[in-house]
Amino acid sequence: MIRYMGQGGYKTASALVRMRHDVHAYQPRGGLGNTFAVLGNTTPSAWWFLYHVLSDTQVPADIRRELEACVQVDTKTNTQSIDLACIRTSCPILLSTFQEMLRFRALNAGPRVVIEDVTVNGFLLKMGNILMIPAPVHHTDSLAWGESARVFDHMRFARKFALGKKGQTRVAFRAFGGGHVLCPGRHFASTGIMALGPLLALQFDVKPVAGQWTEPKCDRSPLATGFPVPDHDIPVEFHARHPERQ
């Protein structure tokens, strides 16, 4: 990456890379970090979001009902659009589905430096060592998420629980890390995924070529990724729901 940037490789790269270089002298090491974030986190999380939206029988109907109310029609150009701000304020089920995907699929390691000797459940953690707390440890804890912690529930973050009833503990949600190391690019990544998902859900009925959805294995997924990378693609067919719309 250092050699690539030093030799001016960015000049023939994507518009995003060129703009980053022009705005703040894009650094090679920073470029590696951004590349990891896109390929190891954003891309696979977008894949799983689409999978959970499209492969379920109830989710598409729920989120389409919300999204239809956000559609803005321009009669002059005969086009329709959605303001992303409307999605964040008026589509609780869609947002809940996205957050549940993060909870259900995140694999980030959650490394922390032990700043002083401490004993936890009989184990001595020595100062200066690295403590790894993978997200699934938090995200499958029934004390934090209830008995359905290991089940995908697209309504989990949209449902209001009665006082005293265990439903969710927000501090246990660690898909973006936590504390002062909370992912700084979470809003950028979420916005892109939230733009792609509604676009496909509203415009197309997506059907697997095989006739039914089968969750792929992720046995060959790289260890460093924040979300599992499927071992293979799922061939699908796109059928326009409203061909007359643009």
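Which residues does Phe-49 touch, not counting residues up to four places away in sequence? In this predicted model, where local features need pLDDT of at least 70, side-chain atom pairs count only at pLDDT 80 or more, and totals for chains, interfaces and linings use all residues, Phe-49 touches Leu-94, Thr-97, Phe-98, Met-101, Ile-193, Met-194 and Gly-197, a contact being heavy atoms within 4.5 Å. Residues are numbered from 1 along each chain as its sequence is written, and side-chain values use heavy atoms, with hydrogens and water left out.

The protein chain has nine helices and eight strands, taken as DSSP runs numbered from the N terminus (H or I of at least four residues for helices, E of at least two for strands). Its C-alpha atoms fill a box of roughly 65 × 60 × 35 Å along the principal axes, and 34% of the 246 residues of the protein chain count as buried, where buried means under 20% relative accessible area, exposed means over 50%, and partly exposed lies in between, with a 1.4 Å probe and protein chains only.

Phe-49 and Leu-94 touch the most other members among the 38 residues of the largest nonpolar core, which is a set of buried Ala, Val, Leu, Ile, Met, Phe, Trp, Tyr and Cys residues joined through side-chain atoms within 4.5 Å. Among the elements that give two or more residues to this core are helix 3 (28–54), helix 6 (92–105) and helix 9 (186–203), and helix 3 gives the most, with seven residues.

Helix 6 has 14 residues and reaches 20 Å from its first C-alpha to its last, close to the 20 Å expected at 1.5 Å a residue, the expected span being 1.5 Å times one less than the number of residues. Because 11 of its 14 residues are buried, helix 6 is largely enclosed by the rest of the structure; the buried residues include Leu-94, Thr-97, Glu-100 and Arg-103.

Ile-63, in helix 4, counts as buried at 1% relative accessibility, and, leaving aside its neighbours within four places in sequence, Ile-63 is in contact with Val-53, Ile-93, Leu-94, Thr-97 and Ala-201. Ile-63 and Leu-200 are 137 residues apart in sequence, yet 11 Å apart in space, C-alpha to C-alpha.

At the surface, Val-113 lies in strand 3 (residues 111–113) and is exposed, with a relative accessible area of 53%.
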